Amino acid sequence: MRVTVDTGVCVGAGMCALTVPAVFDQSEEEGLVVVLRSEVPAGLEQAVRRALTLCPSGALAAV
Amino acid sequence: MTYPMSRQRRLDPPDELFDDPAPVRPLTFADGHVGWLVRGHAAGRAVLSDPRFSTEPDLQHPLVASRHLPKGRVPPGFFLRMDAPDHTRYRRLLTGHFTVRRMNQLQPRIEEIAATCLDDMERAGPPADLVRDFALPIPSLVICELLGVPYEDRENFQNESARLLRLDSSPGEMESAVDDLVKYFYTLIARKRVEPANDLLTGLIGGGELEDDEIAGMGFLLLVAGHETTANMLALGTFALLEHPEQLALVRDDPAVIDNAVEELLRYLSIIHVGPTRTAVEDVVIEGTTIRAGECVALSIPAANRDPSRFADPCALDVRQPAGSHLSFGHGIHQCLGQQLARIEMRVAYPALLRRFPSLRLAVPAEEVPMRADMSIYGVHSLRVTW
């Protein structure tokens with residue numbers, strides 16, 4: 001599983017960083033989504049799918 | 001139907017919300033406008049994340065007769081009531097201050113504040129009013145320190161924000177509460193220009209991108225949203241736990257449940273119990289219902305959070321039930337900016353209280369606890385407890 005993000009629509013709610021801190025972070029300045037590992041480590045797929053659901057702005061996608 | 005407001009039981013939303021399983025139902029607003037009540041979880045998410053629904057004040061219809069501020073009366077910088085791109089511009093200046101990492105860094109300070117409140121309660125001895133002595137001071141002091149608002153001024157801003165949130169306030173009373181709070185921030189901003197400090201307001205002033213009236217509106221929004229919400233979650237959540245002793249014991253004794261317990265209390269209590277509203281700017285189909293351009297929709301967060309198609313046992317308070325997809329912080333671009341702060345405050349405060357006073361109990365019969373049915377944020381006006 002690979003994740004992509006759109007910082008243009010991100011509202012910095014932090015749900016991704018809260019849900020899967022091993023994959024998502026927030027930038028120091030604007031608090032927008034930062035991907036730490038675009039290739040999702042094994043075992044974290046379900047948590048990433050959960051983060052996609054919880055994201056309020058639709059900034060996350062996974063393929 | 002009109003917006004259901006009368007509760008049959010203190011911790012449950014009005015039964016009327018569940019009479020009809022349709023996720024979207026016709027609703028008559030307080031000014032006679034016929035729009036829609038959105039009560040389903042999926043429908044609520046769809047409305048809140050769709051840019052074809054506007055939050056602009058002049059497009060909305062009131063759910064409660066007196067409570068309607070026209071756009072001209074909403075302060076500049078009050079981005080909760082703005083659509084993109086205006087909303088985006090203001091929110092982006094703040095998101096960096098409310099990240100998960102920054103809020104986690106506040107944990108030791110929040111623990112210290114909670115411990116001080118508990119020390120004071122212990123010293124004074126029972127009974128205590130949990131609202132006055134614990135639930136209100138913790139988030140008030142935290143948001144004051146974060147923004148750079150002197151905590152000594154709390155009586156003033158707590159009174160003004162109460163006036164703003166009373167459902168029976170006249171438009172005049174609401175407008176004067178807004179004016180007074182905005183004026184208060186003007187004075188504070190002027191002071192911070194002379195004496196800058198390491199706080200959010202000073203940062204916004206120094207950023208040079210905003211006029212003073214915009215900073216005042218943003219400060220006003222953050223201050224009111226930052227203390228009233230968590231304060232009510234802390235007090236109402238404690239009341240709910242006291243009414244569910246087996247759940248209380250789990251929160252007190254098992255550190256592993258607290259993260260989910262906070263989400264479950266947010267879901268179960270749904271303190272934002274009036275609205276929000278949105279107005280369609282073009283025709284939109286939500287779960288098979290066509291909302292015409294110009295029609296206003298009112299969400300019921302309590303109903304969405306107890307949607308049986310989303311939650312397995314929606315009317316039970318079960319701190320082990322996965323509750324994370326509740327709509328208590330909203331959804332879409334307006335989802336609560338301070339939600340990570342609220343989470344840390346609750347994760348610290350509930351266990352600290354219950355561990356300090358393991359025998360905590362109500363000092364009045366449950367049916368005598370004064371509920372905030374008259375406020376736009378639900379909760380308890382006071383909570384007399386003993387131990």
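**Entry 1: helix α7 of chain B.** I looked up what the buried residues of α7(B) pack against, and found α6, α8 (171-194) and α10 (212-243) of chain B. The model is predicted, with pLDDT of at least 70 needed for local features and 80 or more for side-chain atom pairs, while totals for chains, interfaces and linings use all residues. Residues are numbered from 1 along each chain, chains are lettered from A in the order written, and side-chain values use heavy atoms, without hydrogens or water.

Helices (DSSP H or I, at least four residues) and strands (E, at least two) are numbered from the N terminus.

I then listed the residues of α7(B) that are buried (under 20% relative accessible area; exposed is over 50%, partly exposed in between; 1.4 Å probe, protein chains only). They are F157(B), Q158(B), E160(B), S161(B), R163(B), L164(B) and L165(B).

Entry 2: I picked Y184(B), which is placed in helix α8 of chain B. Is Y184(B) buried or exposed? Its relative accessibility is 12%, so I count Y184(B) as buried.

For contacts (heavy atoms within 4.5 Å), I left aside neighbours within four places in sequence and found Y184(B) touching V149(B), P150(B), D153(B) and N156(B). I also took a distance to S6(B), which is 178 residues away from Y184(B) along the chain; the two C-alpha atoms are separated by 35 Å.

K192(B) also lies in helix α8 of chain B. I noted that K192(B) is a lysine that counts as buried, because its relative accessible area is 10%. What does K192(B) contact beyond its neighbours within four places in sequence? I found L147(B) and G148(B) on the list, along with A197(B), D199(B), L201(B), T202(B) and I205(B).

**Entry 3: helix α4 of chain B.** I repeated the length check on α4(B), residues 107-124. Its 18 residues should span 26 Å at 1.5 Å a residue, and its end C-alpha atoms are 26 Å apart, so the two agree.

Buried in α4(B) I found I110(B), I113(B), A114(B), C117(B), L118(B) and M121(B). Seen down the helix axis, these fall within an arc of 130° (by the directions from the axis to the C-beta atoms), so the buried residues line one face of α4(B). On the other side of α4(B), I noted P108(B) and R123(B) as exposed.

Next I looked at what covers the buried residues of α4(B). The cover includes the strand β4 (128-129) and the helices α5 (130-135), α6 (137-147) and α14 (339-356), in chain B. After α4(B) comes G125(B), a glycine with a positive phi, near 80°.

**Entry 4: cysteines.** How many disulfides (pairs of cysteine sulfur atoms within 2.5 Å) are there over all chains? I counted 0.

I looked at C16(A) as one case. The closest cysteine sulfur to that of C16(A) belongs to C10(A) and is 6.4 Å away, which is too far for a bond. C16(A) has 9% relative accessibility and therefore counts as buried. C296(B) is also buried, because its relative accessible area is 0%.

Key:
Expected span 1.5 Å × (residues − 1). Disulfide = S-S within 2.5 Å.
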